Amino acid sequence: ASDFVMLRNGKISKRELFVDSKLVNAQSIRFNAEEHTKKNLNDAPRRSAVKRKTMKTRKSRAMSRVSGVGIDLWAVAEVEEVDETIMDLLKRGIISPNLPLKLKWDCFVGFLIVFSVISIPYWLGFDVPITPTMSAIDKITNTAFWIDILVTFRSAYEDFESDVMVTIPREIAWHYFKTWFFIDFFSVFPVAEVVEFIVLSNTDADQLIDLTNSTT
């Protein structure tokens, strides 16, 4: 009698009851694992969306042609506002200001600006002779500034009035022209070298003319 337990429909051995309990526990564990997997799959898009950090952007959607007298006059770009990620912008050749590499680049350019503001007055004020190291640093700084100008032409900017990130290249360029382009350009453009070249060219031309007149 000790080897059997009584159930409602008869009696069953303890061994069978032990095996059935193991099966029930295994099924319970499997059910919990499946529920946990389903929960992770359902939460995955939400976690992915948080990780991707989408932003509201303004971009060109399509080109619609305006025709007149059977001739295409120009193409008008239609604009739309969508949610995009940093990688979506990079695929279109646009750099987000929130891109980590862009932030590091801005810090590097800022360091070069501070270095130039301090070093150039010191070199000029104390008449420091130009060494090969100083010349190399100057060339590296100017090259970085030229690259930064090109990068800015492909960098999106935030329109605070509409609270969107403008990613249309034409609007980015126009915004840059209206703000910092000429300051950036003339801070890098070698004005002194160009003026000196023009003056020397005119001087050489005058000397050549004088030499020609004297010989004749």
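This is a predicted model: local features need pLDDT of at least 70, side-chain atom pairs count only at pLDDT 80 or more; totals for chains, interfaces and linings use all residues.
**Salt bridges, rings and a pocket**

Visitor: With which residue does K102 form a salt bridge?
Guide: The closest N and O atoms of the pair are 3.0 Å apart, and the rule asks for a distance within 4 Å. Both residues lie in helix 3, four residues apart, about one turn of the helix. The partner, partly exposed at 34%, is D106.

Visitor: How far apart are N and O in the salt bridge of E84 and R92?
Guide: Here E84 is buried, with a relative accessible area of 5%, while R92 is partly exposed at 31%. Their side chains meet with an N to O distance of 2.9 Å.

Visitor: Why is the ring pair of Y176 and F181 given its class, and which class is it?
Guide: Both residues are buried, and they belong to a cluster of linked rings that includes W146 and F189. Their ring centres are 5.6 Å apart, within the 6.5 Å limit for a pair. Because their planes stand at 80° and over 60 degrees is the cut-off, the pair is edge-to-face.

Visitor: Which helix gives the most to the lining of the largest pocket?
Guide: That pocket has a volume of about 1,300 Å³, and among the residues closest to its centre are S116 and F145. The lining has 24 nonpolar, 11 polar and seven charged residues. With 11 residues, the top contributor is helix 3.

Key
Residues are numbered from 1 along each chain as its sequence is written. Side-chain values use heavy atoms; hydrogens and water are left out. On a 1 Å grid over the protein atoms alone, a cavity is a set of points where a 1.4 Å probe fits but cannot get out, and a pocket is an open set with protein on both sides within 12 Å along at least five of seven lines; lining residues have an atom within 4 Å of a point. Grid points are joined across faces, edges and corners, and a volume is the space filled by probe spheres set on the points. Helices (H or I, at least four residues) and strands (E, at least two) are DSSP runs, numbered from the N terminus. Ala, Val, Leu, Ile, Met, Phe, Trp, Tyr, Cys and Pro count as nonpolar, Asp, Glu, Lys and Arg as charged, and the others, Gly among them, as polar. Rings of Phe, Tyr and Trp (its six-membered ring) pair if their centres lie within 6.5 Å; planes under 30 degrees apart count as stacked, over 60 as edge-to-face and the rest as tilted. Buried means under 20% relative accessible area, exposed over 50%, partly exposed in between (1.4 Å probe, protein chains only).
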